[in-house]
Every structure is written in structure tokens, then in C-alpha cells.
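Please examine the sequence and the structure shown below.

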Amino acid sequence: MSKTVPILIASIVGFIMIVANFSPPLLPVRQIAEDWFTIVATIAMMLGGANLCLHHLKKISDREAGWGFSTVTLLSFFITIAVGLLKVGAVPESEQQLKFAWSGPFQQEGSGFWWIYQYLFSPIVSTMFALLAFYVASAAFRAFRAKNVEAILLLLTALIVLVGQTRDREITSLFLPPPVEGALPYFPIADLTEFIRKTFVTAGQRAIMIGIALGVVATSLRILLGLDRSYLGGDE
Amino acid sequence: MDFHSDTNAKKEIITTRVKSGGQSAFESLVFVGKRPWDCRERVRFTKKTLAMLLFLVVFPALSLADESAGSTKQRVWFDTGKTSFALLTIAICATVIICTELARRGKPFYVRPIAGLLAMEEAVGRATEMGKPILFVPGIEDIKEIDTVAGLMVLSSVAKMAAEYDTPLEVPTSRALVMTAAREAVQAAALAAGRPDYYNEDRIHYITDEQFGYVASVCGWMYREKPAACFFLGKFFAESLFLAEAGNAVGAIQIAGTAETTQLPFFVAACDYTLLGEELFAASAYLSGEPAQMGMLKGQDFGKLAAIVLLLFGCSLATWDSISPRGKSEEGQNLPRRSQWITDTVLKGG
Amino acid sequence: MTSPLLNKLNGLDRRWIFLGMALAVLSPILLQIGSDETPSPPTIKLFDQIERLPEGSRILMAMDFDPTSAAELYPMALGFTRHCCLRHHKLYFVTIWPTGKPMIESTIKAVVQADFGSGDRQYVYGVDYMNLGYLAGDAVAISQMSSDIRKARPQDARGTSLDELSIMSGVPSVKEMDLIVNVSAGFPGGKEWVQYAATPQKIPIAIGCTGVQSTQLFPYYPDQLLGLVTGIRGAIEYETMLAAKYPNPYANRNKRPAFLRGGAQRWAHRLMIGLIVLGNGIHLANRYRRTPRR
Amino acid sequence: MNRETRFWTAMFLGGCLLLAFQSLGTERGVGQQFVVRVDATTGKIIPAAKEASDVSAAVKTVIYEPAAKGDPEAIWSFSRTAGIWIAALLTLCIFSYLYRDNVFYKLAESIIVGVSAGYWIVTNFWEVLVAKVLVKLAPDVARYAFLPDTPTNVKADYLYLVPVVLGCMVFCRLIPKIAWMGRWPLAFVVGTTAGLKLTSFLDADFVRQIRSTVLPLVVFSADASGGSALDWKQSIQNIVIVISVLSCVTYFYFSVEHKGLVGRISRVGIWVLMISFGASFALTVMGRITLLTMRLQFLFDEWLGLVRI
């Protein structure tokens with residue numbers, strides 16, 4: 001029972017979704033399912049929040065290394081939730097909404113939640129993202145070395161595209177005769193970049209995508225036929 | 001009660017694979033399947049099950065169908081515009097299922113070795129030798145992405161190896177539902193490995209839904225704990241390079257896999273092994289060693305064969321069109337191109 | 001035979017690379033070095049389309065990005081919005097990213113309200129432009145919008161009913177739009193707008209996307225996509241064209257955020273090329289050293 | 001004191017000196033932010049001369065909008081100035097990870113984990129639980145409590161109870177006796193995913209990709225004289241695309257040994273993949289640099305005011 005019902009649910013729901021794709025009266029079911037997923041995931045998020053708290057509370061009570069940082073995490077977590085749910089500093093925006101104290105948008109500029117987003121959340125997240133610029137450089141330095149044919153192709157294309165991407169591409173037209181009056185200037189490397197992009201990049205992606213589609217079909221069938229139930233756990 | 005049980009066959013294959021090890025294991029792979037009627041066990045419906053199913057699935061689906069159909073005059077149950085796509089779907093699914101059945105009945109299939117998958121056991125072994133933990137990241141998307149599901153399926157195989165070696169496996173997740181599923185998977189793997197006490201709920205925990213908040217935490221953990229093996233299998237976006245570079249800095253063996261084509265270059269550049277696209281989906285079938293699942297890989301190959309044939313045929317027709325166009329009909333209209341039959345009828349899409 | 005330099009380079013700490021990158025990006029910023037771009041056909045196509053549309057055409061501005069990708073996409077969003085306002089089109093802002101709301105708001109503030117909020121042809125909310133805000137549900141939200149906007153969202157971002165806005169009269173769905181301009185940072189975004197709105201409803205669509213995404217969207221151009229503006233380079237191209245057509249005030253440096261980022265781009269690319277060459281130099285030297293000599 | 005400590009102490013002191021000079025010695029200051037007060041219901045600006053207590057008595061809802069320093073109605077904003085400082089310091093904390101893991105990075109890391117987890121819970125609470133579930137299940141409650149604009153003629157749609165019940169079943173895992181019920185929502189979600197993705201991937205990634213690769217290998221185009229001429233550029237492009245796709249698909253074959261002809265074709269396939277990876281990598285560099293540029297612009301323009309952009 002503990003195992004059969006979930007598998008049946010997965011199979012039946014899955015097959016309904018497939019059939020719905022071909023049957024106009026059932027088509028909305030696919031949209032509804034996505035809608036429902038959002039709701040299930042949101043409720044599950046509360047479980048995630050609870051787990052986060054337990055995880056850090058345990059660290060604090062065990063006095064594990066760095067438990068002070070767990071306190072910071074918990075504090076910022078609860079402050080954010082309190083500020084956001086109570087809509088601290090958010091005010092109603094129109095006359096008719098005045099009598100509803102909680103009607104202001106929760107992300108209103110100037111509200112507490114907005115402040116947290118603007119000055120805590122956003123700077124950290126975008127700086128994390130910006131660190132990638134450094135990692136791109138170190139990965140390129142380390143990985144793009146001519147060890148074999150594959151690596152040579154990898155690094156040569158990378159070099160060509162890197163030059164072709166900025167205005168430095170003009171260097172490649174230095175050896176060409178000057179363009180005819182009125183015609184667009186011609187940069188061989190820019191054309192080469194465009195050619196690589198239109199042919200090899202597109203083709204590589206297409207082939208990967210064709211493969212992925214077949215992989216998805218097989219994986220889906222494994223779930224629908226109940227062949228793979230690892231996500232449902234073991235027998236108890 | 002088990003929906004299908006070929007555990008014996010599975011065990012045998014796993015032992016052959018482990019014993020002979022490496023590439024030869026795959027070459028010497030001969031499936032010991034069971035006949036289909038042995039595999040299938042009847043599913044018993046209790047009244048409660050039926051009632052729940054009715055409540056959960058059938059009733060809402062029907063009522064929705066009713067609602068939307070009420071407005072139109074005539075109810076059309078099949079969209080004839082999608083006939084060719086329906087046939088194609090059925091054909092591909094049928095091929096995959098037939099291959100599964102054949103594999104179950106004991107037909108041996110050759111499966112080529114995939115370096116990244118062979119390295120998984122080695123990576124787990126290395127972590128054990130070094131006495132360091134293993135990191136598994138099942139992507140940063142929710143379980144509604146099939147990549148995540150594929151990642152979780154591989155997780156159960158990796159967890160089983162880790163449980164056999166008794167090496168700690170850390171699974172931080174970025175979604176609560178993924179955490180629940182990962183816990184189920186690891187718990188089941190620990191049971192299957194015969195070490196139920198290996199499962200430690202605290203090692204599989206939710207961090208945050210935010211992409212870079214999650215990465216900040218995982219990379220911080222990597223720097224402090226210095227895992228010896230890192231697995232990144234699932235759906236990844238910009239953080240792929242971040243994770244891979246952090247793993248590289250601590251000297252871990254890294255095995256990555258994603259179906260997100262934009263992120264593959266970064267994994268290829270920064271990881272030791274990368275499962276490219278489809279290989280991620282094949283990974284769990286490979287690692288399970290079950291004949292039925294391996295048969296699916298053969299089925300997928302027939303799909304690829306179909307793609308190649310369609311392409312060759314379509315391109316020849318298109319070239320023919322280009323060299324000698326069909327001209328005009330009696331009414332003076334341009335006749336449709338010959339390749340149109342392939343692009344607009346066979347490959348019409350849904 | 002050992003070479004001390006080679007040994008040093010072999011054990012090069014990656015933090016030196018980080019320092020090099022920091023300098024390559026920081027110096028052009030501090031010294032205010034910018035860079036222009038020659039426009040490419042996919043960018044020119046979008047520019048021409050916005051030029052060609054008759055005044056007062058309806059344009060859906062879908063801003064699906066967040067602060068993390070704003071670096072590449074915000075200058076683009078500013079450029080597109082500026083151009084549409086110059087041509088006096090009607091603008092409908094929407095996002096399917098929860099974090100896209102503040103992006104819409106700052107675009108409106110910086111362009112529609114600051115540059116076009118006064119004068120005799122000023123932009124009035126509800127008449128010349130409106131903000132639908134965030135629509136939850138990814139691709140589902142897009143297909144809902146293309147069948148019925150009011151079903152997807154009965155109110156605008158300020159909570160006003162759509163029927164009270166004059167700009168919305170005669171606009172039951174996305175079908176009525178003359179052009180969709182999507183600024184997209186990933187999933188859900190450009191691909192979904194093409195698949196669920198533009199292609200089925202036959203509406204011309206142009207996308208401004210990040211460099212990463214461009215490879216994924218390129219297959220759609222030019223059949224399903226009218227124009228494609230890629231990354232900061234595309235933004236610079238667009239600014240170059242705007243500056244050429246409307247030099248006052250758009251040739252001005254402070255109205256060209258992307259231009260100023262171009263200089264950093266150029267130097268960082270040069271550094272990357274140098275690093276790859278250096279890496280291969282080290283690799284070849286190592287191989288040369290390892291080969292036994294007679 | 002070792003060399004490293006000495007270096008960082010010097011850097012720190014230098015930074016402090018620069019900050020002190022910038023904030024005291026320049027007119028612009030460091031991270032100073034100004035706002036104007038606006039009446040939210042009318043949209044009118046409230047003059048700066050008015051005292052805060054007078055304003056709150058006369059206007060029920062005041063919102064603040066950013067303004068330039070020179071604006072006559074602008075007032076100095078403590079919260080925003082503090083915000084800019086905190087944001088700048090947190091930015092530096094994250095950058096310090098490049099050197100090595102340290103206390104400042106750990107602090108920023110703990111803050112972002114807590115804040116972002118809370119952020120998403122709050123956002124989903126308002127956007128999903130209130131705006132979707134509550135409005136559907138109890139529109140009247142939603143109208144009175146949170147969303148005054150909810151239409152009055154909407155009836156409750158009890159179908160939405162199903163996902164709520166399913167969602168709550170996730171919590172069953174916490175109670176050992178009914179832990180097995182916690183698998184139902186998982187099964188539902190994974191089942192729908194499998195069903196939805198099967199057809200959508202076949203359509204978008206299989207059918208459409210093959211369809212767009214059906215290309216003529218020889219292309220003729222009309223030339224100036226009206227006849228047709230070989231368009232060699234387009235022809236080469238098409239041939240390369242078709243051969244590349246075919247060879248890559250062959251590379252992905254699982255059940256055929258990569259030997260002989262298949263081996264040679266799949267080797268071409270892996271070459272094509274490598275070329276495409278190299279190009280994609282380089283195409284991404286631009287975007288990453290831009291992100292860094294923006295962060296540095298924030299530090300040097302918005303915060304320190306060293307450059308004017």
C-alpha cells in the first residue's frame with residue numbers, strides 16, 4: 001500500500017497529462033497541473049524553512065564550529081519573514097484602499113521588505129554572480145591547453161570568438177585592402193565567429209537536444225511504468 | 001508488495017560489474033532477465049485507494065474537461081491536427097517499451113562504456129580512502145524539471161555506493177520537495193546496501209531557494225570540509241562554473257552532468273568528467289544495472305536512428321527541390337516543395 | 001634541466017589571475033574608457049521595426065530579468081524603452097519573473113517618467129503606458145495572456161482594474177499587440193515567449209538576451225524571431241544606433257550606460273586571450289622539457 | 001606580525017583613510033542618499049520644509065522616492081544611506097572569498113542564506129498562498145483582509161483544495177506512523193512532470209530540431225541577370241550543419257561500439273561538440289565581465305563617488 005498507491009498516482013497522472021496533450025477538452029488539465037505544482041511547492045517551502053531552522057538550531061545547541069554564524073542566519077531569516085509578512089512600512093496606494101491596512105504591496109519601494117531586498121539580498125547575490133568573471137578567467141587559463149585534438153579545437157574556437165566579440169576584431173582587417181567607399185567594413189574574424197555560431201554551435205546544440213528529448217522520453221517512461229521508484233524511497 | 005521484482009537479476013549484474021570492474025564489465029554484460037509474467041505482480045486495489053484516486057485525479061480531471069467543453073458546441077476528443085505527432089509519440093514510446101520487454105526476456109544488449117559513469121565508483125572509493133565526505137548537488141531547480149528527477153535517480157545509485165563504503169554523503173538542496181525526494185532516495189539506498197543506520201537526515205538539508213544564496217552556502221561548505229568527490233547532476237544555470245571552480249580549488253574529483261546546453265561548456269572546462277545531455281538521463285539506467293532499464297537505452301538508440309533517417313531523407317528531398325524546383329500547377333500556383341511532406345506532415349509537431 | 005620561471009608559472013596561484021582580472025575591469029571604469037560597436041543585422045532589424053511602426057502602436061515590453069542580470073540587460077531595457085517613447089508607442093510592461101517587478105519600475109522611472117513625463121506629448125499612466133506587473137506560472141502565464149489577459153491578471157501592478165485603464169480597451173489578449181519586445185535573462189523568458197505567444201498568435205517578437213542565452217535563441221532567428229539583441233555588445237550597438245539617429249540627448253555619455261561598460265569588456269577579453277596564450281605557452285614548455293634529448 | 005597580516009592591515013588603514021577623505025573632504029560624500037516625500041493617494045510631493053509630525057497628521061500615507069541632492073524638496077534619508085553602506089560592505093565581504101574563506105565571507109554567507117530563504121517564503125506567501133489559493137478558496141476573506149480589488153462576483157473554487165491537501169501531506173513525513181503518505185505529493189509532482197515533459201520535449205527538442213535541420217545541401221539564389229546562381233556560402237553552411245548534427249547524434253549512440261565507420265563519425269561528432277563548447281564558453285565571457293563591471297561601478301560610483309557615470 002505504501003508503495004503501490006504513489007506509483008499508481010504517478011502513472012495515472014502522467015498518462016492523463018500525455019493524453020491531455022492530444023485532446024482539446026482535457027488540455028486545460030496540463031495548465032492546472034502546473035498551477036497545482038506551484039501551490040504544492042509553496043506549501044513544501046514551509047517544510048524547507050522549518051528544516052533550515054532545525055538545522056541551524058542544532059548547530060547552535062551543539063556549539064558546533066561556527067555556531068555564531070548560524071545565529072546570524074536564523075536572525076536574518078526571522079527578521080525577513082516578520083518584516084515581509086507584517087508588511088512593515090508598506091502603505092496603501094489608493095484612496096479606496098485606505099481602510100485596508102494590509103493592502104499595500106509587500107514589495108513597495110520604501111517598505112522594510114524592499115529595504116532588505118535592495119540593500120542585503122540584491123548586493124550579495126549580484127556580487128556572487130560577478131565573481132564568475134574571475135572564475136571564467138581561471139578556468140580558461142587552466143583548461144584551455146592543447147593536450148589533444150579535442151582540446152585544441154576547444155581553445156582555438158574560444159580564441160577566435162573572444163577576439164571576434166569586441167572591437168578588437170578590427171585587427172584582422174588590417175591586412176586586407178581598404179573597403180570600397182560606402183560598403184560596410186569587413187572583418188574576417190567576425191564573419192568566422194558568426195559562421196561558427198550559425199553552424200557548429202547550432203548543430204551541436206541541436207544534436208544534444210535531440211538526444212535529450214529521447215532521454216526524457218525514456219526517463220518519463222521509467223517513472224510512468226514504475227520501473228524506477230528511487231524518488232519514492234525504499235520498502236519499510 | 002512490489003510492483004515489479006527482478007532484484008535477483010539486479011544483484012547478479014551488480015556483482016559481475018563490481019567483480020570485473022571497468023570497461024570489460026560492460027562488455028561482458030549479459031542480462032539475466034525474467035519472463036515478463038514473473039515480473040509483473042498484480043496490484044490490489046483497496047476501497048480506500050480507489051476513493052483517494054478518484055478524489056485526487058479522476059474527479060478533477062473530468063470536472064475540468066466538462067467545464068471547458070461546455071462552452072464549445074461539439075466535443076472533440078481528439079485534436080486531428082496532432083495526428084502525426086501522436087503517431088510519432090506512440091512509435092517512440094512503443095520502441096522503448098518493446099526494447100525493455102526484450103531485455104527483460106533475456107535478450108542481451110551491448111552498451112558502450114561512458115567514462116563519467118565508470119569514474120563514479122572510483123570517486124566514491126577515493127573519498128573513502130581519504131576519509132573525506134562526498135558532495136552531491138541535484139541541481140538548483142525544483143522537481144518539476146525532469147533533469148532534477150534524473151539527478152535524484154543517480155543520487156540513489158551514488159548513495160548506495162557511499163553506504164557500502166560507509167562514506168558520508170552531503171546533499172544540500174535548493175528546494176524543499178527535492179530535499180524530501182532526496183531523503184527518500186538515500187534512505188532507500190542505505191536499506192538496499194544493507195546499512196539502514198547509514199542514513200542521516202541531517203546530511204540532506206534545505207538551504208534556500210535563491211540560486212546564489214544556495215551557491216554561497218555550498219561553496220563555503222566545500223572550502224571548509226574539503227570533499228574528495230563532487231557530483232553535480234541536475235539542472236544548472238550560471239552557478240555551474242562557480243561550483244566546479246570551488247570543487248577544483250579544493251582538489252576534488254568532479255563529475256558533472258546536465259541537460260542545460262548552455263552550461264555544458266563550463267562543466268567540460270572545469271570538471272574531470274561530464275555527462276553530456278542525454279548521458280545524464282541514461283546514467284541512472286546504467287548504474288541500476290537492471291536489464292529492463294538498460295533495454296530502454298537501446299530503445300533510445302532506435303529513436304536516434306529514426307532521427308538520422310528522417311534527416312538524410314529530408315535533406316535529399318530538399319536538395320532535389322533546390323536543384324530542380326517543381327514549378328507551377330495548372331492554376332499557376334507554386335507546387336509545394338517535396339521536402340514539405342517531411343517537415344509539415346511527418347514532423348508536424350504538437 | 002629546470003627553469004625557475006617555468007616552475008613558478010606551473011605553480012601559479014590563481015589569485016594572481018583574479019588580480020589581473022580585477023585590474024583589467026577596474027582601470028577602464030576609473031579612467032572612463034568606453035567603446036563603440038558596429039551594429040549587426042539582428043539588432044538593426046529591431047531598431048528598424050520600432051522606427052517603421054506607426055505612432056501609437058501597441059508594444060508589449062516583457063522584462064524577464066532580475067538584478068543579477070541587470071548588468072547586461074538593464075541598459076538594453078533603457079534603450080528599447082527610450083526608442084519606443086521617442087516614437088510615441090503605447091507600452092504594456094509585464095514580467096514573468098517575480099524579481100522583475102523592480103526592474104520594470106526603475107525602467108519606467110528612468111525613461112518614461114524622467115525623460116517623457118513632461119511636455120506637451122507627455123506619457124500618462126493608463127493612457128500611453130501601463131504596468132501589468134508580475135504574472136506567476138511561467139509559460140502557463142504566457143499562454144493564458146495570449147488567450148485572455150484579464151483571466152491571467154484582472155488588475156495592473158497598482159491594483160487598478162484593467163477595465164478602468166483606457167489603454168486596455170480593445171485589448172482582450174496579447175493578440176492585439178503589434179510587437180513583443182522581450183528582455184530575457186533565462187528561463188522562463190525568450191524561448192517561452194516565442195513558443196507560447198509569438199509563434200502561435202503570429203505576433204512579431206524581438207528579444208534582448210544575455211550572451212549565454214543567445215546560443216539557445218539563435219536557432220529561432222530569423223524565422224520565428226524578428227530581431228535578437230545579444231548581451232552588452234547588443235546594448236552598445238543599440239545605443240550607437242540611437243545616438244546616431246537621435247544625437248540629442250542620446251549621444252551623451254551619461255545616457256549611454258552600455259558604452260561605458262564596453263571599455264572594461266575590451267580589456268577583459270584581451271586579458272583572457274593573454275591567459276589562454278600563456279597557459280599554452282606553459283604547456284608547450286613543459287612538454288619540451290619532458291622530451292628526453294639525445 | 002607576518003608579511004600577510006601587515007599587508008592587509010595597511011590595505012585596511014588605507015581604505016579607511018580614503019573613506020574618511022571622501023566623506024569629509026568632498027561635496028558629494030560617500031553613499032549619501034536623498035528622497036522626496038510623496039502622498040501615495042494623490043501622488044503630490046510634500047515640501048521638505050514640513051516637519052515629519054505635521055506630515056503624518058495631514059497625510060495618511062507617505063511614500064518616499066529617490067531624488068537628487070540638489071532637489072529643493074529633497075531630504076536626507078538615513079535608511080537609504082545606511083543601506084548603501086551596508087550593501088557596499090557586503091559586496092566587499094563577498095569579494096574577499098577570492099582571496100580565501102574568511103570571517104567576512106562567512107558573515108555575508110549566513111546573512112544571504114537567512115534573508116533569501118525568508119524572502120522566497122514571504123514572496124510565495126503573498127503571490128501564491130494569498131493571491132492564488134486564498135482568492136480561489138475564499139474570495140471574500142481575501143478581499144477584506146489583503147486584496148481590496150478582488151472582484152465581488154467571484155465564487156469559491158473548491159478544486160484548489162486538492163493541491164492544498166497534497167501540499168500539506170508533505171508534512172506527513174514528520175510523523176513516523178503516516179510517513180508513507182508523504183510520498184503522495186512527490187508521486188503526483190513527479191508523475192505530472194514525466195507526463196508533461198514527455199510530449200513537450202518530443203515536440204520542442206526532437207521534432208522541431210530535426211525539422212529545422214532539414215536543409216537543402218545545395219542552394220541556388222536569383223542573381224542579377226534573373227537566372228539562378230549557386231549560393232556557395234549558404235550551401236557550405238547547410239552542409240556543415242547537416243553533417244555536424246548527424247555526426248553528433250551518432251556520437252550519442254549507446255548500443256554500438258565506437259569502432260570502424262561509426263567510430264570515425266562519432267569522432268567528428270565529438271569535435272563538433274568541442275567547437276560548440278569553446279564558442280559557447282567565449283560567448284559567455286562578455287556577460288560575466290559586465291556583471292563585474294556593474295558591481296565595481298556600484299562601489300566606485302554609487303558608494304564612493306569617485307567616478308561619475
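**A sheet, a core and the chain contacts**

In chain B, strand E2 (residues 169-173) is joined to E3(B) by three bridges, and the two run parallel. Helices (H or I, at least four residues) and strands (E, at least two) are DSSP runs, numbered from the N terminus, and two strands pair if DSSP finds at least two bridges between them. This is a predicted model, in which local features need pLDDT of at least 70 and side-chain atom pairs count only at pLDDT 80 or more, while totals for chains, interfaces and linings use all residues. Residues are numbered from 1 along each chain as its sequence is written, and chains are lettered from A and ligands numbered from 1 in the order in which they are written.

Within this pair of strands, Thr173(B) stands opposite Tyr206(B) of E3(B). Both strands belong to an open sheet of six strands in chain B, with parallel pairing and the order E3-E2-E1-E4-E5-E6. Strand E3 (204-206) and strand E6 (273-276) of chain B each have a single partner strand and stand at the edges, so one side of each is left without a neighbour in the sheet.

The nonpolar core is the next topic. Such a core is a set of buried Ala, Val, Leu, Ile, Met, Phe, Trp, Tyr and Cys residues joined through C-beta atoms within 7 Å; a residue is buried if 20 or more other C-beta atoms, placed from the backbone, lie within 10 Å of its own. The largest core has 354 residues, and Leu132(A), Ala140(A), Ala158(A), Val217(A) and Val186(B) touch the most other members. Helix H9(D) gives the most to this core, with 20 residues. Leaving aside residues up to four places away in sequence, Val186(B) touches Leu155(B), Ala159(B), Leu169(B), Val171(B), Tyr199(B) and Ile204(B).

Chains also meet one another. Two residues are in contact if their C-beta atoms, placed from the backbone, lie within 7 Å. By this criterion, 76 residues of chain B are in contact with 61 residues of chain A. Helix H8 (residues 176-192) of chain B supplies the largest share of the side that touches chain A, ten residues. Between chains D and A, 105 residues of chain D are in contact with 111 residues of chain A.

Chain C contains twelve helices and six strands. Its C-alpha atoms fill a box of roughly 85 × 40 × 30 Å, taken along the principal axes. Of the 294 residues in chain C, 51% are buried.

Methods. A residue is buried if 20 or more other C-beta atoms lie within 10 Å of its own, exposed if 12 or fewer, and partly exposed in between; C-beta atoms are placed from the backbone.
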